Amino acid sequence: MSTERAAARNPDSVLDRFHGVIPAGGTGTRLWPLSRAAAPKFLHDLTGSGSTLIRATYDRLLPLSGGRIMVVTGIVHRRAVLAQLPEIQDTDLVLEAEPKDSAAAIGLAAAILHRRDPDIIMGSFAADQVIAPVEVFQDAVREAIHTAAQGYIVTIGIKPTHPSTGFGYIRAGEPLSVAGAPTARAVIEFVEKPSQAVADGYIDSGNYSWNAGMFVAPVDLMLRHLAANEPELHAGLLEIAAAWDTPQRVEVARRVWPTLPKIAIDYAVAEPAAAAGDVAMIPGEFTWDDVGDFAAIGRLNPAEENSELTVMGEGARVFSENASGIVVSDTKRVIALIGIDDVVIVDTPDALLVTTKEHAQEVKKAVERLRASGDTDVL
């Protein structure tokens, strides 16, 4: 009998303690004008798979959690999220009145789950990531659950494919002897986005992985570190969680949420926990993309055979001659490209973006300029 089958037959299996959490926040400003405040990137199908990013995230976690999944998102996205995830129960849809960064979002999920059962192991996985093969990801999460059950906050580190300066890194330590998690390693530290020279050194050393913001942890341990490092945030989240499954939920959340400090989970929990020796890592041997810009969409949606141009959009009308790049069309307007390389064109009814793959990361600057000038109707 395999270890997995034995665990599945045991009602006290650590795998049965797992609950998935999907933080679905942010506006994806580098994907404007496709991604906007009212329709951020996780609500879109950016891979041509027929599934939106949040739906794909839910489906990846479903076999692991048995449907025990919580989504944390903004109030303005409630209707769209429920339309895509009709399985989500009201008590498992956590709505933020305003963005408060990842520590508040993930911390509130931990606090609510802790009140329901302090033995729960939660796994937080962002709604806007593209992962394959799914089975390899799920194997890594199972290892992470077994490791978390031994008293660790566990992150899944992504094997770098190149020395990126756009991601944070995880420095791995010695292997851990954890039953059910043969690849588990200690984490020495989390490292901020490095310079090119430093990133080159990280890749050469073989001891660093990309930090994809995936965390699997006992809710009790997560909250203990949050209390030690951000006591004000911890107290506010516990107050909301205490009222969550009561008729006072809305009143308490509306009163307390705006007062909470804004801080990332990395600073509030992960980094200090690593310094205390409480963080472990499972190497992720799957492909991973956070779809950070239109160049990423081009990678995920290769051009058709005998073409160097990726075209996305139902009924898109694109003519090209000696052109390469990506076109995303949400209109019926004819787009003709002649003699232009690595172009990025995004055509929507009220906004048009024209740039190149090389400058795709700079789209955020256009959004900032539009916001500053008061043109918020297109954001």
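The largest cavity of this predicted model holds about 60 Å³ of space. A search of the whole structure finds 1 cavity of 30 Å³ or more. A cavity here is a set of points, on a 1 Å grid over the protein atoms alone, where a 1.4 Å probe fits but cannot get out, and lining residues have an atom within 4 Å of a point. Grid points are joined across faces, edges and corners, and a volume is the space filled by probe spheres set on the points. The residues that line the largest cavity are T27, T29, W32, S35, R36, A37, V367, R371 and L379. By class, this lining has 4 nonpolar, 3 polar and 2 charged residues; Ala, Val, Leu, Ile, Met, Phe, Trp, Tyr, Cys and Pro count as nonpolar, Asp, Glu, Lys and Arg as charged, and the others, Gly among them, as polar.

Residues are numbered from 1 along each chain as its sequence is written. Because the model is predicted, local features need pLDDT of at least 70 and side-chain atom pairs count only at pLDDT 80 or more, while totals for chains, interfaces and linings use all residues; side-chain values use heavy atoms, with hydrogens and water left out.

The second largest pocket has a volume of about 500 Å³. A pocket differs in definition from a cavity: a pocket is an open set with protein on both sides within 12 Å along at least five of seven lines. Its lining comprises 25 residues, of which M312, G313, E314, V328 and S329 lie nearest the centre of the pocket. Two or more lining residues come from each of β12 (309-312) and β14 (325-329), and β12 gives the largest share, 4 residues. Helices (H or I, at least four residues) and strands (E, at least two) are DSSP runs, numbered from the N terminus. By class, the lining of this pocket divides into 9 nonpolar, 9 polar and 7 charged residues.

An unreviewed UniProt entry places "domain: Nucleotidyl transferase" at residues 20-303, a span that is 39% helix and 22% strand, with its end C-alpha atoms 34 Å apart. The unreviewed entry also places "domain: MannoseP isomerase/GMP-like beta-helix" at residues 323-370; residues 323-370 are 17% helix and 46% strand, and the end C-alpha atoms lie 29 Å apart. UniProt positions are given in the numbering used here, feature names are shortened, and annotations may be inferred rather than shown by experiment.

The helix packing comes next. Two packed helices are described by the angle between their axes and the distance between the axes. Axes are lines fitted to C-alpha atoms, for helices over the stretch in contact, and angles run from 0 to 180 degrees between N-to-C directions. Helix α8 (residues 231-244) packs against helix α9 (residues 249-256) at about 165°, with the axes 8 Å apart; α8 and α9 are therefore roughly antiparallel. Angles under 35 degrees count as roughly parallel, over 145 as roughly antiparallel, 65 to 115 as roughly perpendicular and the rest as oblique. The α8 and α9 crossing is left-handed, a term for a near helix turned anticlockwise from the far one by less than a right angle, with right-handed used if clockwise.

Helix α4 (residues 101-116) and α8 cross at roughly 50°, their axes coming within 8 Å, so α4 and α8 are oblique to each other. This crossing of α4 and α8 is right-handed.

Most residues other than glycine have a negative phi, and most peptide bonds are trans. The W32 to P33 bond is cis, with omega near 5°, and P33 lies in the loop between β1 (18-24) and α2 (53-65). Another cis bond joins A132 and P133, with omega about -10°. N322 is not a glycine, yet has a positive phi of about 55°.
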